[in-house]
There are 2 protein chains.
Amino acid sequence: MNAPGQPAKQGARSLDPHLRRYAARTAGMTASEIRALFAVASRPEVVSLAGGMPHLAALPLESLSAEIGDLIATDGLVALQYGSAHGVPELREQICEVMALEGIHGHPDDVVVTVGSQMGLDMVTRIFCDPGDVVLAEGPSYVGALGSFAAYQAQVVHVGMDADGLVPEALREAIAAVERAGRRIKFLYTIPNFHNPAGVTLAVQRRAEVLEICRAHGILVVEDNPYGLLGFDGQTYPALRSTDPDNVVYLGSFSKTFAAGLRVGWVLAPHAVREKLVLAAESATLCPPTLNQMVVSRYLATHDWKGQIKTYREAYRDRRDAAISALEQHMPVGSTWNKPEGGFYVWVTVPEGVDTKAMLPRAITQRVAYASGTGFYSDGLGSRQLRISYCYPTPERIREGVRRLANVIKDEMELHETFGPTVGRPVSGPQNPSPDTA
Amino acid sequence: MNAPGQPAKQGARSLDPHLRRYAARTAGMTASEIRALFAVASRPEVVSLAGGMPHLAALPLESLSAEIGDLIATDGLVALQYGSAHGVPELREQICEVMALEGIHGHPDDVVVTVGSQMGLDMVTRIFCDPGDVVLAEGPSYVGALGSFAAYQAQVVHVGMDADGLVPEALREAIAAVERAGRRIKFLYTIPNFHNPAGVTLAVQRRAEVLEICRAHGILVVEDNPYGLLGFDGQTYPALRSTDPDNVVYLGSFSKTFAAGLRVGWVLAPHAVREKLVLAAESATLCPPTLNQMVVSRYLATHDWKGQIKTYREAYRDRRDAAISALEQHMPVGSTWNKPEGGFYVWVTVPEGVDTKAMLPRAITQRVAYASGTGFYSDGLGSRQLRISYCYPTPERIREGVRRLANVIKDEMELHETFGPTVGRPVSGPQNPSPDTA
């Protein structure tokens with residue numbers, strides 16, 4: 001909004017003496033809706049179904065405390081010192097063991113440790129995208145990815161999904177349309193498992209087809225897989241990377257399988273790409289925090305991390321069940337949603353005439369918060385959708401939150417019947433992620 | 001080097017199937033010379049005067065271990081969870097107390113915590129620089145800053161220094177030249193205290209003048225101050241930010257005053273700029289690691305951190321003395337250097353005819369490493385300069401390293417007398433930082 005040459009849209013903005021100095025890319029940087037309402041939404045009486053904060057209560061804090069204390073006492077001079085931008089070698093080896101659970105045979109040299117997988121996403125976009133380049137992404141897509149693409153002035157073209165994830169035919173059509181327009185596609189960004197925000201999983205039989213389409217058109221695949229090990233019946237799906245190591249850049253994270261606050265993620269990239277990533281990461285942060293990498297490495301070496309993931313899975317399954325049963329019980333006719341088989345999110349479509357973005361302030365007044373659908377699209381769609389995150393609140397709170405949400409929607413429907421469609425604020429394109437909406 | 005349309009310069013590069021996909025900005029991403037030689041330079045028999053790794057041996061690891069262990073046990077659910085991109089509020093308050101030591105009256109709201117001050121630098125460049133914008137920086141300047149500027153395709157124009165730091169008249173001339181060329185200057189990047197790599201400090205009487213020049217020309221000042229509290233006689237200088245809060249963005253770091261491996265730095269920015277920084281940081285990493293912020297906050301609250309800085313100062317003064325006395329004892333006639341009053345670095349000019357970049361592999365063969373001067377310039381200068389870092393090796397090792405370095409230089413001079421000038425490799429512009437050369 002504050003790009004050079006563009007007038008400030010709001011009165012307050014014109015008070016910024018630096019207005020004419022900002023880079024053009026800042027025009028794409030806008031705060032998420034939920035963040036603007038954060039002061040209210042974070043009050044304890046509000047049930048937040050908006051945030052993507054993992055449930056940590058199951059972590060073994062006592063033994064972690066002992067391990068981390070010991071790490072500092074015995075290895076503190078390493079843990080508190082600069083490391084390489086590439087990442088701690090031992091951790092990179094362990095990351096390969098984690099990825100092996102999804103059929104990936106990666107080499108530790110090709111793993112780059114990042115400050116959360118958000119940084120991996122930012123670095124991948126940095127090395128591949130010039131302004132105006134096209135990125136294909138599911139519609140809807142992860143708000144944090146849209147934020148990174150906007151920061152590098154890449155243009156997102158959404159590709160449709162159904163209950164089996166990304167639709168290959170829609171991918172072909174999107175590619176053809178972009179090619180006809182003479183524009184350059186740099187990569188397909190996809191979350192194949194337990195999609196954020198859509199909750200769906202790319203069917204196994206579609207995976208080879210998606211890879212083949214991208215290869216045929218010279219399009220790189222960026223596979224973002226933070227939830228892959230959180231399938232509720234313990235199933236895992238073969239990663240796209242597992243069958244196409246040369247054309248897939250894989251993003252992984254310990255935020256959902258261990259602890260988000262450590263900010264340890266990674267990129268597994270084809271060898272030549274990996275070199276560029278390390279250089280990009282050096283100019284971004286010099287190196288990821290050594291302490292955090294060693295904490296994760298110790299945790300993997302000394303704890304039953306697979307058992308912990310099972311504990312998480314079970315907790316999230318209970319919460320998913322609470323969300324789905326409450327939706328079934330309370331939501332008005334005309335609403336639809338999916339039943340996710342893993343991950344954190346249910347994607348809800350509300351009855352016609354209800355605008356989820358316009359409704360959000362009223363929902364918060366009714367003590368429930370959610371993420372409205374528009375934040376997950378670059379093209380203004382999503383006003384009839386919303387995302388429910390069931391990861392953080394207790395099942396009881398989830399049920400109460402969904403009940404409140406259903407009442408708010410019913411109120412909106414009454415208003416709509418009486419006065420016509422609710423008026424949404426202008427659509428503002430991709431929004432920045434925040435931990436509360438990520 | 002691999003920008004679209006440019007041929008690969010090396011055979012190996014052409015094996016990269018992604019060659020035509022990279023963004024134009026990757027052309028500015030090149031590895032530092034020392035990193036290319038890292039496998040050899042990091043051997044224990046090599047004295048490395050190249051790296052900027054702080055000396056950590058003085059840290060109270062036992063009590064840190066106890067504090068961090070307690071932090072996880074009692075506050076682990078917060079420390080291991082996502083936080084805000086803005087940073088932990090308590091730490092932001094403490095950061096204001098740290099900055100007060102240099103005369104800064106900052107508000108915690110205007111502090112943004114970053115993953116090291118490198119990330120602060122990257123974020124500031126992200127929000128201000130479009131490709132082709134000019135950044136003014138001392139010549140020489142910090143290699144990591146040049147790397148970030150290159151990543152955003154900003155063009156660096158160097159401004160001369162003397163023993164009192166940045167020369168105001170040179171600043172005026174540089175501005176005039178850029179303005180005549182019709183180009184846009186976004187900010188002056190400056191390290192006023194104990195400069196990296198030049199070792200000099202901006203004289204107090206020059207500070208107001210530099211600020212005034214920048215204000216008069218509508219140029220923002222980015223003040224990078226990682227070493228300000230490491231003056232050897234305990235003196236601190238008034239920060240540029242202390243007298244010009246509206247036109248200075250200040251970058252701070254705990255890497256040199258506490259522990260680099262935690263990667264905790266910060267930006268203090270004018271209020272309007274701060275909002276943009278938070279949005280940029282969200283798309284870069286979502287949030288800085290919560291654990292690391294809480295560790296620094298606890299450390300500041302429970303340890304004698306000023307006493308620790310005094311301990312560091314004394315250790316670095318001893319090492320500076322070792323470096324200077326060894327230079328005086330061993331360096332051939334025609335060499336010059338400064339005597340830094342704080343920080344980590346001595347900037348050495350070698351006798352005419354010696355090329356420090358060409359000499360580096362031979363120096364490493366002689367078991368001493370340094371950072372050659374060219375990495376600190378964007379314009380190919382610096383081939384007669386080198387940086388000695390005295391922060392990490394013991395005084396004894398420093399003396400031995402300087403002795404070896406002097407011998408290498410003498411050998412080069414003999415070669416030069418016999419065969420003419422040494423042949424440098426082609427100058428490749430700014431290099432990426434790495435912890436070893438940062």
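Two strands pair if DSSP finds at least two bridges between them. Keep that in mind for the first close-up; every view here comes from a predicted model.

**View 1. Strand β3 of chain B and its two partners.** Let's start with β3(B), which covers residues 134–139. Six of its six residues are buried, so the rest of the structure largely encloses this strand. Six bridges tie β3(B) to β4(B), residues 155–162, and the two strands run parallel. To find your place in that pairing, look for Ala137(B), which sits opposite His158(B) in β4(B). Getting from β3(B) to β4(B), the chain passes through helix α6, residues 143–151 of chain B, and this β-α-β crossover is right-handed. There is another partner to look at, β6(B), made of residues 185–190. Here the pairing with β3(B) is again parallel, over four bridges.

View 2. As a rule, most peptide bonds are trans. In chain A, though, the bond from Gly139(A) to Pro140(A) is cis, with omega near 5 degrees. You'll find Pro140(A) in the loop between β3 (134–138) and α6 (143–151) of chain A. Over in chain B, a cis bond links Asn196(B) to Pro197(B), and its omega is about 10 degrees. Pro197(B) belongs to the loop between β6 and α8 (204–216) of chain B.

**View 3. Two loop residues with positive phi.** Most residues other than glycine have a negative phi. Gln153(B) has a positive one instead, near 60 degrees. Look for Gln153(B) in the loop between α6 and β4 of chain B, where this residue is partly exposed at 22% relative accessible area. Leu286(B) has a positive phi too, near 65 degrees. This leucine is in the loop between α11 (271–285) and α12 (290–302) of chain B. Buried or exposed, then, for Leu286(B)? The cut-off for buried is under 20%, and Leu286(B) has a relative accessible area of 3%, so this residue counts as buried.

**View 4. Phenylalanines in the largest nonpolar core.** This core has 157 residues. Which of them touch the most other members? They are Phe254(A), Phe258(A), Phe254(B) and Phe258(B). Zoom in on Phe258(A) and, setting aside neighbours within four places in sequence, you'll see contacts with Leu56(A), Leu59(A), Leu64(A), Val295(A), Val296(A), Tyr299(A) and Tyr312(A). A second, separate core has 94 residues, including Phe187(A), Phe128(B), Tyr142(B) and Val156(B).

**View 5. Asp233(B), out in a loop.** Asp233(B) is located between β7 (220–224) and α9 (240–243) of chain B. With 59% relative accessibility, Asp233(B) counts as exposed. Its side chain makes a polar contact with the side chain of Gln235(B), at 3.0 Å. Then find Lys310(B): it is 77 residues away from Asp233(B) along the chain, yet their C-alpha atoms are 9.5 Å apart.

**View 6. Where chain A meets chain B.** How many residues does each chain bring to the contact? Chain A brings 91 residues and chain B brings 90. Together the two chains bury about 7,500 Å², 60% of it on carbon and sulfur atoms. On the chain A side, pick out Arg21(A), Leu80(A) and Tyr82(A), which supply 11% of the area that chain A buries against chain B, more than any other three residues.

Terms used
Residues numbered from 1 in each chain as written. Chains lettered and ligands numbered in written order. Predicted model: local features only at pLDDT ≥ 70, side-chain atom pairs only at ≥ 80, totals over all residues. Heavy atoms only, no water. Buried < 20%, exposed > 50% of the residue type's maximum accessible area, 1.4 Å probe, protein only. Right-handed = clockwise from strand over helix to strand, strands pointing away. Core = buried A, V, L, I, M, F, W, Y, C linked by side-chain atoms within 4.5 Å. Contact = heavy atoms within 4.5 Å. Polar contact = N/O pair within 3.5 Å; in protein donor to acceptor, adjacent residues only side chain to side chain. Buried area = accessible area lost by both parts, 1.4 Å probe.
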